[in-house]
Amino acid sequence: MGFPEGFLWGGAIAANQAEGAWNEDGKGWSVEDVATYKPKVDVKDYKANVAVSLAGIRSAMEDEDPTYYAKRRGIDFYHHYKEDLALFAEMGFKVLRISIAWTRLFPTGEEDKPNEKGIAFYEGVFREMKRLGIEPLVTLSHYEMPLELALKYNGWADRRMIDLFVRFCRVCFERFGKYVKLWLNFNEIDSLIRHSFTTAGIIPELCGERGELACCYQAAHHQFVAGAMVTRMMRKMMPDAKMGLMLTKLTTYPNTCAPEDVAATQKKNLENMFYADVQVFGEYPRMILADLKKRGLMPVMEQGDLELIRENTVDYVSFSYYNSTTESVDPNAERAPGNTILGVKNPYLPSSEWGWQIDPVGLRISLVELYDRYRKPLFVVENGLGMRDEVEEDGSIHDPYRIDYFRAHLKEMEKAIDEGVELMGYTSWAPIDLISANTNQMSKRYGFIYVDQDDLGNGTLARYKKDSFYWYKKVIASNGADM
Ligand code: BG6
C-alpha cells in the first residue's frame, strides 16, 4: 500500500524557537523571552533546564546582556522567512507547521485591539506559503504566551485566561482563516505537568498552598475548556476547517514482565493519554478523576464546562514522537532521559548524545495504539533527532545519522499505514536548525538545513543544505517510495 496519495509531507517549527525579533514591531514579552541557555547545567537534566523563579524572571527582564536568551534571537525566521520557505518548497513540502506568537498580536494579552504589525507578519508568511503551494498547519499555542499574564494571573491556573485566549484565537481565525484550514490548539498539552511555566505560564511560587501540581491540573482544565470554545468558534466561522489536539506521545514499555512493572507502566500511559482522551471522547476518564480526587488535585469546574467539552471534541489527533521509555518499580533501576522525562533505561535501544533512546518501532506501536483507541485520523507533527553537526570546508554537512533516524521511523510509519492506520501526514521536527525548547541550545540541531549560529548567538545566520536535505527531497518526490 505505502503512503496514500495526497499524504502531507513537511516539517514543523514554532514561533518562539525560530522567529527571533522578540521585541520588534510591537511584540510583547513572551514567557520564552526569559528562558535562559545555561551552559553549566547538564543537558540531560530537563527539570534544571526549564526551572523558573520570580527572581529569575525579573533579573532576565532587567539584564542588558542578551547573550543567554537564545529564544529572543531564534534563527531570525522573522526576517528570513522568504528564504526559508523557498528552501522548504525546494524540498517539495506539502505542509509546514508553524505557530503564532500570541504576543505579536496581543503584546500583554489584554489589549482591546490586536497589533496590526504582528498580523501583517503572519499574513506575509501565509501569502508566501500559498504562492509556493505549501499548506499551513497552525498551532495556536506552542510554548508561548504573554509573560504579563504569567506574572499577573499565574498563567492558565487562572480562569480569566480562557476568554483572553479565545479573543486571540478569534483574531487568528478572522485574519488568517482564508489561508489556514488545519489548526492545532495546545502543543503537547500534557507537558503542563512537566514544565508548567513553558506550557501554561505557571510560576510555582505563585501557586500558594494549593501547590504547583494542583495549579497544573487546574490549568489543564482551563485549557480543555478554552480548546472546546475555540473549536466551537472555528466551526461557526470556518465550517471547512479542522481542529486537532497535540500530545507528547510518551510511549512507555514495562521494563520487565513483572506484573508490578506492567501495572506501573499502564498507569503512566493512562496519565499520558488522559489529555487526548478528554479532547477526543469529550469526558474525563473515570480513573483519572478517581486519582485526582484521591490526591486532592481535583480542578474547580464551573457549570457548563463538561457539556462544552463533550460537545466540541477535536477532528484529528496529532502527536510528537522522539523516543520511548520504560517503567519499573525498582527504585534502583538505571535512568535515561527523554523528551522532558526521566524514564528507566531500555537496554535494547541506543541513545543520542542527549540521552534520548532511539526507537523507530515505538513510532509504529504509538500509531497503532492511538488509532485503535481514538479511531480519528492521526498526524505525526513532530519527530526528529537532535545532534551536533560539522560543516566541512566546502560548506557541505554530512549527517548520515539523521538520515538513518528518519528512514527507520518513516519505514515503521509506512508499516502502520499498511496495518490500517489512517495517517494524514508527517512533519519532521525541525526542517531547519532552531533553538532547543528544553536547553535553549543552538548546537542541538534537528534540521535538514543548517543555520550558522552558535549557542551564544555568534554566526552569520547563513543557511546551508545538509545531506539530509537532498534525501528528504527524494522521499517527498517519490511519496515515500524512495527512502
Ligand atoms: C517537543 C516540542 O517537545 O520537542 C518542541 O514541541 C521541541 O518545541 C522538541 O523543540 C524537541 O525538544 P528540544 O528540547 O530538543 O528542542
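My entries follow.

**Ground rules.** I am working with a predicted model, where local features need pLDDT of at least 70, side-chain atom pairs count only at pLDDT 80 or more, and totals for chains, interfaces and linings use all residues. Residues are numbered from 1 along each chain as its sequence is written, and side-chain values use heavy atoms, with hydrogens and water left out.

**Ligand.** I looked up which residues surround the ligand. There are 15, and the closest are Glu 188, Ala 437, Asn 438, Lys 444 and Tyr 446. I counted a residue as near if one of its heavy atoms lies within 4 Å of the molecule. By class, this shell holds 6 nonpolar, 6 polar and 3 charged residues. In this scheme Ala, Val, Leu, Ile, Met, Phe, Trp, Tyr, Cys and Pro are nonpolar, Asp, Glu, Lys and Arg are charged, and the others, Gly among them, are polar.

Asn 187 has one at 3.0 Å from a ligand oxygen. For Ser 436 the distance is 3.1 Å. For Tyr 322 I noted 3.5 Å. A polar contact is a pair of N or O atoms within 3.5 Å; within protein, one must be able to donate a hydrogen and the other to accept it, and residues adjacent in sequence count only if both atoms are side-chain atoms.

How much of the ligand does the protein bury? Alone, the ligand exposes 380 Å², and the protein buries 100% of that (Shrake-Rupley method, 1.4 Å probe; for residues, only the protein chains shown count as cover).

**Cavities.** I used a 1 Å grid over the protein atoms alone: a cavity is a set of points where a 1.4 Å probe fits but cannot get out; a pocket is an open set with protein on both sides within 12 Å along at least five of seven lines; lining residues have an atom within 4 Å of a point. Points are joined across faces, edges and corners, and a volume is the space filled by probe spheres set on them. I found 7 cavities of 30 Å³ or more. Of its 19 lining residues, Tyr 322, Asn 339, Trp 429, Ala 437 and Asn 438 lie nearest the centre. The lining divides into 8 nonpolar, 8 polar and 3 charged residues.

The largest pocket holds about 760 Å³. Its lining has 37 residues, with Tyr 46, Lys 47, Ile 193, Arg 194 and Thr 340 closest to the centre. Helix α12 gives the most to this lining, 6 residues. Helices (H or I, at least four residues) and strands (E, at least two) are DSSP runs, numbered from the N terminus. By class, I noted 16 nonpolar, 9 polar and 12 charged residues in the lining of the largest pocket.

The second largest pocket is about 260 Å³. It is lined by 22 residues, including Val 34 and Ala 35. Helix α3 supplies the largest share, 4 residues.

**Backbone.** Most residues other than glycine have a negative phi, and most peptide bonds are trans. I looked for exceptions. Trp 429 and Ala 430 are joined by a cis peptide bond, with omega about -25°. Ala 430 sits in the loop between β12 and β13. Ala 21 has a positive phi, near 45°. Ala 21 belongs to the loop between α1 and α2.
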